[in-house]
Amino acid sequence: MLPIANLHHLYQSTFQFLSSHSPFVFASTDDSASESDSSFPLTPRDLSPRPEEELPSLRDELDAADRTHCHSPSSCRSFGASVAASTLYSMRREHDATKAELSKSQAEAARWEERCKALEKTLKESQNLLKLRDQEIQALKKERDKNAPERHLRERASMYLDRRRSRDAIHHRSNSNQSQLSQQIRLSGDWSEIRDEASCNRRRNGSDPHPDNMSTVSEEERAQARSSETFLNKIDLWSGAQVIQAVQDLNSEVLQFAASATELCTFSKQRPSTAKVNQASSEVATRLGDALSRLLTTRDHSQDPMLVQLALQGCISYCISRALSSFCIGFQSKANITLTQIYTHMSQTEPQPTASRWRALSHKHIHELHPELDDYAINEMTETIFRWSLDIFLISGSTNPQPNPASRENFRGRFGSQVKRISKAACRLAQVTKEEIMSANFEVIAADSGQAFDGQDMVDAFENYGSSKGVVLCTTELGLRCSTRKATSDVAPSEENIERRILLRPKVVLESVVEVIDPR
């Protein structure tokens with residue numbers, strides 16, 4: 001930059017030059033006068049040019065100012081550098097700000113892009129789900145339309161059955177209620193004939209030939225026809241595996257009680273031969289056989305009461321199997337025998353669902369007529385198990401419990417809940433096999449004492465400890481057998497028409513157990 005003195009000098013020179021060459025006169029006051037008071041009166045003057053000698057002086061002054069200005073190059077360079085640096089810094093700041101804003105915009109765009117992809121994926125899944133739902137709806141509609149003629153056919157068959165049943169009822173009014181019911185079952189069982197006849201009528205006439213007659217069938221007759229269809233129902237509320245598991249659980253309960261009771265009791269080598277002991281020995285022989293009763297009476301159980309535990313399991317298993325073999329547990333013995341004979345004959349002559357439904361309805365209505373029968377059966381079985389168990393302990397030389405009433409009552413109080421649980425499980429199993437299974441007849445089985453051993457029908461409890469020899473002493477775990485009537489209408493009713501399968505083999509103790517318990 002030019003110094004202030006040089007600028008002032010240049011100003012004065014320029015002013016003089018212009019004054020000398022201008023057609024007007026520039027008048028000015030002294031330097032001491034203020035600028036506000038100065039005036040520039042313009043007066044015409046002589047326009048003749050100034051002498052030539054005045055021009056060089058002005059040029060010399062301008063050249064001197066230029067030289068003075070040029071003599072300070074560092075000032076020029078510093079001024080240019082500062083201007084360039086300032087411009088570069090401002091541009092760099094603008095560049096960094098623009099770059100940061102661009103990065104932020106790119107991150108925001110990437111986030112929105114990911115969100116858009118997620119929304120597109122969700123939308124696609126929803127569309128696929130809607131397509132699947134639509135396909136399911138269409139399939140259900142097709143199935144409904146497909147089953148509509150079959151449903152209509154069943155309704156017409158039911159009406160046809162009503163008319164035939166009402167006509168037959170008039171001709172056979174003198175028959176008993178049981179024979180009428182059997183005839184209804186046979187009529188309702190002939191579904192194939194009804195379906196073929198209804199199909200022929202529909203193809204031949206194109207519509208129902210007797211709509212007025214069908215509409216006149218009373219609601220009562222329809223209800224009776226529907227009730228007869230229940231005798232063709234084969235729906236089971238329990239599966240075979242569930243029944244097997246129930247029997248195994250019952251066996252486990254019996255084993256736990258026998259082990260706990262035997263472990264609690266103590267035995268003596270010396271045992272008095274009294275009338276009470278002889279009577280108990282005779283009763284045990286009746287239930288479990290002479291061989292096992294003799295072993296309990298003559299052997300010493302003070303060191304190893306394993307044989308007593310096995311006998312205890314055997315007597316409880318025998319009690320349960322005998323109770324479950326009756327038609328209704330706790331019911332009158334004569335009535336039970338009669339009902340059992342009726343059901344046995346019906347299972348050989350009638351279809352399996354018919355016999356099973358009759359059995360279920362009879363068992364159900366017996367309990368409805370005698371609501372106290374369940375509690376009576378449980379208490380009676382509990383008392384029987386205690387009585388038979390105490391007889392075994394008595395003939396085995398037990399000193400605890402002793403034959404006196406106080407000791408026996410302590411024993412009942414100690415194991416009362418456990419034995420009652422066994423009785424409840426047995427009664428529940430009886431209800432399941434009698435009322436809740438229609439497709440077959442399930443029987444809880446046990447091997448008889450003195451029976452020859454058959455590996456296909458039973459299992460030796462000690463088969464892993466030696467060879468199976470001798471006859472059966474008792475059954476320690478119950479088995480399960482399933483019987484079903486074969487569908488043979490042209491064969492006379494007999495036992496050969498019944499198909500029997502053993503689903504769970506009973507576990508037995510043989511005479512060879514003595515060698516396992518007391519090897520000598």
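1. Helices (H or I, at least four residues) and strands (E, at least two) are DSSP runs, numbered from the N terminus. Pro-401 lies in the loop between strand 2 (398-400) and helix 15 (405-435). The peptide bond from Asn-400 to Pro-401 is cis, with omega near 10°. Most peptide bonds are trans.

2. This is a predicted model, in which local features need pLDDT of at least 70 and side-chain atom pairs count only at pLDDT 80 or more, while totals for chains, interfaces and linings use all residues. Residues are numbered from 1 along each chain as its sequence is written, and side-chain values use heavy atoms, with hydrogens and water left out.

3. The chain holds 16 helices and 8 strands. Of its 520 residues, 33% are buried, where buried means under 20% relative accessible area, exposed over 50%, and partly exposed in between (1.4 Å probe, protein chains only). A contact means heavy atoms within 4.5 Å. Among the contacts in the chain with a separation of 6 or more, 77% are between residues 24 or more positions apart.

4. Two strands pair if DSSP finds at least two bridges between them. Strand 3 (residues 441-445) and strand 6 (residues 479-485) run antiparallel and are joined by 5 bridges. Glu-443 stands opposite Arg-481 in strand 6, and the bridge partner of Ile-445 in strand 6 is Gly-479. Strand 6 also pairs with strand 7 (residues 498-504), in the antiparallel sense, over 6 bridges. Thr-484 has Glu-499 as its bridge partner in strand 7.

5. Strand 3 is largely enclosed by the rest of the structure, because 4 of its 5 residues are buried. Strand 6 is also largely enclosed, because 5 of its 7 residues are buried.

6. Three strands form an open sheet of mixed pairing, in the order 4-8-5. Strand 4 (459-460) and strand 5 (472-477) stand at the edges with a single partner strand each, so one side of each has no neighbour in the sheet. Strand 4 pairs with strand 8 (residues 507-510) in the parallel sense over 2 bridges: Val-459 has Lys-507 as its bridge partner, and Asp-460 stands opposite Val-508. Strand 5 and strand 8 pair in the antiparallel sense over 4 bridges. The bridge partner of Glu-477 in strand 8 is Lys-507.

7. A nonpolar core is a set of buried Ala, Val, Leu, Ile, Met, Phe, Trp, Tyr and Cys residues joined through side-chain atoms within 4.5 Å. The largest such core has 62 residues, and those with the most contacts inside it are Phe-257, Leu-296, Leu-312, Ile-320, Ile-392 and Phe-411. A second, separate core of 10 residues includes Cys-328, Met-346, Trp-358 and Leu-373.

8. Leaving aside neighbours within four places in sequence, Leu-312 is in contact with residues including Phe-257, Ala-261, Ser-389 and Ile-392. Ser-389 belongs to helix 14 (residues 373-395). Ser-389 counts as buried because its relative accessible area is 0%. Not counting residues up to four places away in sequence, Ser-389 touches Phe-257, Leu-312, Cys-315 and Ile-316.

9. Leu-288 is in helix 9 (residues 275-288). With 4% relative accessibility, Leu-288 is buried. Leaving aside neighbours within four places in sequence, the contacts of Leu-288 include Ala-311, Cys-315, Ile-392, Ser-449 and Leu-473. The C-alpha atoms of Leu-288 and Leu-312 are separated by 10.0 Å, and the two residues are 24 residues apart along the chain.

10. On a 1 Å grid over the protein atoms alone, a pocket is an open set of points where a 1.4 Å probe fits, with protein on both sides within 12 Å along at least five of seven lines; lining residues have an atom within 4 Å of a point. Grid points are joined across faces, edges and corners, and a volume is the space filled by probe spheres set on the points. The largest pocket has a volume of about 1,000 Å³. Of the 45 residues that line the largest pocket, the closest to its centre are Ser-325, Glu-443, Val-444, Ile-445 and Arg-481.

11. Helix 11 (residues 306-324) gives the most to the lining of the largest pocket, with 6 residues. The lining divides into 17 nonpolar, 17 polar and 11 charged residues. Here Ala, Val, Leu, Ile, Met, Phe, Trp, Tyr, Cys and Pro count as nonpolar, Asp, Glu, Lys and Arg as charged, and the others, Gly among them, as polar.
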